[in-house]
Amino acid sequence: NFIITTIDTNPNFYKIKKYFPKKFFISIQNGVRFDAVFKKEKNLSCDIIFCQGINHINFFKKRINSKVILLGKLRNNYISNNAIKENNCLSYISQFRDTNENINNINFFGKYKKVTWGEYIQSEKKLVILLNNFCKKNKIRFNIVGATYNSSLEKKWYVDLIQSNKINFISRKEKNSSYNFLKKSKYIACIDSTLGFEFLSRDKKVIFFSRNTKIKSFDKELRFGSPTIVENKGFFFTNEINNKEVKRLMNNISNCNKKNWKKKINLYKKHVMFYDKDNAIFKNKIRELESSIN
């Protein structure tokens with residue numbers, strides 16, 4: 001009765017509904033989405049798409065004939081959000097990939113000139129050095145939370161970048177290890193990591209930096225909260241990567257108590273990532289559909 005996918009970027013899934021009109025087709029968003037995936041596809045349909053944030057509702061509605069419901073990320077919703085003791089540290093969410101930096105393969109939107117992987121991650125290189133220096137100066141422990149399971153290669157990349165063997169690199173050992181570590185981090189920083197959005201939805205203190213490439217229109221679409229959030233800068237996000245902005249954002253979050261922090265992020269967090277404890281929305285909707293069948 002239910003045909004469900006978490007590969008929400010596969011247009012073929014949305015072509016099947018017309019052949020099985022009595023079945024319920026459900027798609028669950030599993031990452032950031034861009035134009036290129038559905039650009040040339042037509043007549044796509046689905047019963048329900050569960051999306052991560054407000055800024056993706058119109059994205060799906062414009063491309064697929066379907067009801068769209070805010071859910072957040074399925075896995076994030078299942079992981080406990082109980083309060084625990086936090087360590088006084090800043091943890092950076094790595095987006096390292098074992099990719100040749102000279103390859104022109106970044107073209108998410110399908111409408112701009114491609115940029116090389118090296119150009120794409122230049123912002124990450126700059127930001128990590130600035131964050132590391134800030135933490136040294138202010139005696140804050142700086143962690144780099146690994147993105148891949150090849151921890152030796154990834155760690156070496158950061159050792160070479162920072163030019164020091166004395167880095168606190170947190171290896172990714174299994175699918176939830178990054179979650180478990182970040183839950184204990186007082187502060188979190190990232191560029192445009194989905195994991196960063198997930199922790200913002202949990203009311204964690206996360207600061208966001210936007211990428212800077214040679215294509216400004218490309219950067220604009222990658223900035224924090226695009227397209228529904230139009231500001232370049234806010235209390236906890238910025239489109240510039242420099243010492244001044246690192247200091248501003250870190251001072252903002254370190255001098256803000258949790259009550260005020262929730263007020264500061266309340267207007268923004270649902271745009272990038274909704275949080276539904278234990279996936280109650282998803283479960284209730286499935287039960288509702290089951291009842292309609294019976």
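Asp276 is buried but forms no salt bridge. Its nearest side chain of opposite charge is Lys283, 8.3 Å away. A salt bridge needs a side-chain nitrogen within 4 Å of a carboxyl oxygen, so Lys283 does not qualify as a partner at 8.3 Å. This is a predicted model. A search of the whole structure finds 12 salt bridges.

**Asp276 and its surroundings**

- Asp276 sits in the loop that runs between helix H11 (269-272) and helix H12 (280-293).
- A polar atom of the Asp276 side chain lies 2.9 Å from the backbone nitrogen of Ala280.
- For the backbone nitrogen of Ile281, the distance to a polar atom of the Asp276 side chain is 2.7 Å.
- Leaving out residues up to four places away in sequence, Asp276 touches Leu71, Asn77, Ile281 and Phe282.

- Side chains of opposite charge can pair when their charged atoms come close.
- Glu198 and Lys73 meet through their side chains in a salt bridge, at 3.4 Å from N to O.

- The side chains of Lys258 and Glu86 form a salt bridge of 3.7 Å, N to O.
- This pair links distant parts of the chain, 172 residues apart.
- Lys258 is in helix H10 (residues 258-266), and Glu86 is in the loop between H2 and strand S5 (87-93).
- Lys258 counts as exposed because its relative accessibility is 51%, and the cut-off for exposed is over 50%.
- Glu86 has 26% relative accessibility, so it counts as partly exposed.

- Asp160 and Lys156 meet in a side-chain salt bridge at 2.8 Å, N to O.
- Both residues lie in helix H5 (residues 151-162). Asp160 and Lys156 are four residues apart, about one turn of the helix.
- Asp160 counts as partly exposed, because its relative accessibility is 45%.

Definitions and conventions
Residues are numbered from 1 along each chain as its sequence is written. This is a predicted model: local features need pLDDT of at least 70, side-chain atom pairs count only at pLDDT 80 or more; totals for chains, interfaces and linings use all residues. Side-chain values use heavy atoms; hydrogens and water are left out. Helices (H or I, at least four residues) and strands (E, at least two) are DSSP runs, numbered from the N terminus. Buried means under 20% relative accessible area, exposed over 50%, partly exposed in between (1.4 Å probe, protein chains only). Lys and Arg count as positive and Asp and Glu as negative; His and the chain ends are not counted. A polar contact is a pair of N or O atoms within 3.5 Å; within protein, one must be able to donate a hydrogen and the other to accept it, and residues adjacent in sequence count only if both atoms are side-chain atoms. Contact means heavy atoms within 4.5 Å.
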